[in-house]
Amino acid sequence: MLTAFRPYAEVELIKKRVLSERVEILIPKGFEVMSEQQMDFNYARAQSRPSVIYTNSKEASLAFTYTDNTADQDMIDIYANNFYKTYAKQFKEAKWFSNGVKEVSGRKVGYLELMKPELGHEVYQLIFFTDVEGKLLMCTFTCADRQKPEWETVAKQIMGSFRTNE
């Protein structure tokens, strides 16, 4: 019997509750919360910094940014359009894979999937967002371009596991 060649190890996902238990999501096993010092270093020049970042020692990361922006389910399509326009303008060299709005666990979730230049190399990002308790929550999965084959499916599984406890 022939078995399909699997170039990458299966990534085990575990259920986590984030943002003070407001959100339940699958996160790759072995991902740890980034330290405050590491976040300060990584986001020293950024206008805003994620609320929490899970990472596996710089190979890949999943950042959660709970914003002050007002949001509800009716606004997700508008955010999706605006974010796409903003990113397309800001990252003219980006390679787009998909963007839009899909239903996840009965809720509208907007998303952007792209490869963009960052600090001299390309990074794969799956950015997804929805409203949580009247505010916009942004989640960003990032890995190096060469790791996209290994992480793309995992990133989409993470987005598909998103649940709010509202």
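**A chat about the sheet**

Biologist: Which residue in strand 9 is the bridge partner of Thr70?

Modeller: Lys135 is the partner of Thr70 there, and please keep in mind that this is a predicted model.

Biologist: And how many bridges join strand 5 to strand 9?

Modeller: There are eight bridges between strand 5, residues 60-70, and strand 9, residues 135-144, and the two strands run antiparallel.

Biologist: Let's step back a bit. How many helices and strands does the protein have?

Modeller: The secondary structure amounts to three helices and ten strands, and along the sequence they follow the pattern β-β-β-α-β-β-α-β-β-β-β-α-β.

Biologist: In what order do the strands of the open sheet lie?

Modeller: The open sheet has seven strands in the order 3-4-5-9-8-7-6, and their pairing is antiparallel.

Biologist: Which strands stand at its edges?

Modeller: The edges are formed by strand 3, residues 32-33, and strand 6, residues 95-104; each has a single partner strand, so one side of each is left without a neighbour in the sheet.

Biologist: Starting from strand 3, how many bridges does the pairing with strand 4 run over?

Modeller: Strand 3 pairs with strand 4 over two bridges in the antiparallel sense, and within that stretch of sheet Val33 stands opposite Tyr54 of strand 4.

Biologist: Are the faces of strand 4 covered or uncovered?

Modeller: Both faces of strand 4, residues 52-55, are covered, with Val52 and Tyr54 buried on one side and Ile53 and Thr55 buried on the other. Strand 4 is also joined to strand 5 by four bridges, again with the strands running antiparallel, and Ile53 has Ala63 of strand 5 opposite.

Biologist: How many bridges does strand 8 share with strand 7, and how many with strand 9?

Modeller: Strand 7, residues 107-118, pairs with strand 8 in the antiparallel sense over nine bridges, while ten bridges join strand 8 to strand 9, and those strands run antiparallel as well. As examples, Glu113 stands opposite Leu126 of strand 8, and Asp131 stands opposite Leu136 of strand 9.

Biologist: Which residue takes a positive phi in the hairpin of strand 7 and strand 8?

Modeller: Leu119 does, with phi near 50°, in a hairpin that has two residues between the strands. In the hairpin of strand 8 and strand 9, which has two residues between the strands, Glu133 takes a positive phi near 50°.

Biologist: Changing topic, what radius of gyration does the protein have?

Modeller: The protein has 16 Å, which agrees with the value near 15 Å that a compact globule of 166 residues would have. The C-alpha trace spans about 55 × 35 × 35 Å along its principal axes.

Biologist: How much of the protein counts as buried?

Modeller: Of the 166 residues, 44% count as buried, and the accessible surface comes to about 9700 Å², with 48% of that belonging to carbon and sulfur atoms.

Biologist: What about contacts between residues at least 6 apart in sequence?

Modeller: Among those contacts, 50% join residues that are at least 24 apart.

Biologist: Last one: how many positive and negative side chains are there?

Modeller: The protein has 22 positive and 23 negative side chains, and the centres of the two sets lie 2 Å apart.

Technical notes. Residues are numbered from 1 along each chain as its sequence is written. This is a predicted model: local features need pLDDT of at least 70, side-chain atom pairs count only at pLDDT 80 or more; totals for chains, interfaces and linings use all residues. Side-chain values use heavy atoms; hydrogens and water are left out. The radius of gyration is taken over C-alpha atoms; the globule rule is 2.2 Å times the number of residues to the power 0.38. Buried means under 20% relative accessible area, exposed over 50%, partly exposed in between (1.4 Å probe, protein chains only). Contact means heavy atoms within 4.5 Å. Accessible areas come from the Shrake-Rupley method with a 1.4 Å probe; for residues, only the protein chains shown count as cover. Lys and Arg count as positive and Asp and Glu as negative; His and the chain ends are not counted. The place of a charge is taken as NZ of Lys, CZ of Arg, CG of Asp or CD of Glu. Two strands pair if DSSP finds at least two bridges between them.
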